[in-house]
Amino acid sequence: MALITLTHAVGCDALEIARRIADSLGVEIYDDARLKEEALRMGLQTEDLKGFNEKAPDWFERLWSNKPEVYLHLMESVVFKAARIGEGIIIGHGSQVLLQDFGCALHVLVTGQEENRIHYLMHQMSFSREAAERLIRKSDSQKRGFFQYAFHKDWNDPALYDLCVNPDKIGIERAAQLVFDIARSPELKACSIYALDALERLSQTKRIEASLLEMDLRHAGLRVEMPEKGVAQISGVLYKHEDKGRIPEVVGKIPGVEKVHLDVTMMPAAYD
């Protein structure tokens, strides 16, 4: 089995490379559409998916709403859920960062020279040169902004990747073959049952954190852990007694959560 994250700059024909790799390995591609399908299967609503784009929220959204952070937690939950299968190609959405600690995941960056990216958009997508340049600037800027907001990292930092390929130099076929060969190498081990279990629990944890944010609780830091499958443990400090009763009710409705254990400290009544 091969679990691959593939990050790309627009105009590099990376999706064609991903398709060839997936066909050779016999695995699925988790692009935007497929991840949204996975999210709906997890029980998320269409409304929950509006923020599933790699774009940092503007200052107004951050100031007046916790929705961007909710969307981020939900997106991370979906990525972990997709990775739980232990195989497939996950396109973008911070997957190279979220799965960085999992040695069974191969992280690939597909990039190219700007002039070649412009040429690709002009000749393959029928863009004018001006439109191609504008799209590249916008896409690169949004990726930078999203990664800084979500992970405080630079998306094209080579340290995030195991392999960087430039199809301008070696062609699409050779680029796909190179990733395939490395994914099939004996040095890259399949995800263990322990890794898959950890991914499942991480997916649940992020889903719970999103739910707690939506509850708009008064708290001084809440920590969510999944010590075992189906068991959510929530600790921290609450300011309102009624929240202590609301949390198990809300979190308990999340698919896969069977028990909710609260280990919270209530502030004195004077603060309530």
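1. In this predicted model, strands E6, E7 and E8 form an open sheet, arranged in that order and with mixed pairing. Strand E6 (219-228) and strand E8 (259-266) are the edge strands; each has a single partner strand, so one side of each lacks a neighbour in the sheet. Direction ignored, neighbouring strands of this sheet are turned by 15 degrees against each other on average.

2. The pairing of E6 with strand E7 (residues 231-238) is antiparallel and extends over six bridges. Within E7, Gln-233 is the residue that stands opposite Glu-225.

3. Helix H9 (residues 193-214) lies across E6 and E7, and runs at about 155 degrees to E6. Helix H10 (residues 241-251) also packs on the sheet, where it touches E6, E7 and E8; the direction of H10 makes about 160 degrees with that of E8.

4. A separate point concerns His-107, a residue of strand E4 (residues 105-110). His-107 counts as buried because its relative accessibility is 2%, against a cut-off of under 20%.

5. The surroundings of His-107 can be described in some detail. Its side chain reaches the backbone oxygen of Leu-99 at 3.3 Å. Leaving aside residues up to four places away in sequence, His-107 touches Ser-95, Gln-96, Leu-99 and Gln-100, together with Leu-160, Tyr-161, Asp-162 and Leu-163, and also Thr-5.

Technical notes. Residues numbered from 1 in each chain as written. Predicted model: local features only at pLDDT ≥ 70, side-chain atom pairs only at ≥ 80, totals over all residues. Heavy atoms only, no water. Helix = DSSP H or I, 4+ residues; strand = E, 2+ residues; numbered from the N terminus. Buried < 20%, exposed > 50% of the residue type's maximum accessible area, 1.4 Å probe, protein only. Polar contact = N/O pair within 3.5 Å; in protein donor to acceptor, adjacent residues only side chain to side chain. Contact = heavy atoms within 4.5 Å. Pairing = 2+ DSSP bridges. Axes fitted to C-alpha atoms, helices over the stretch in contact; angles between N-to-C directions.
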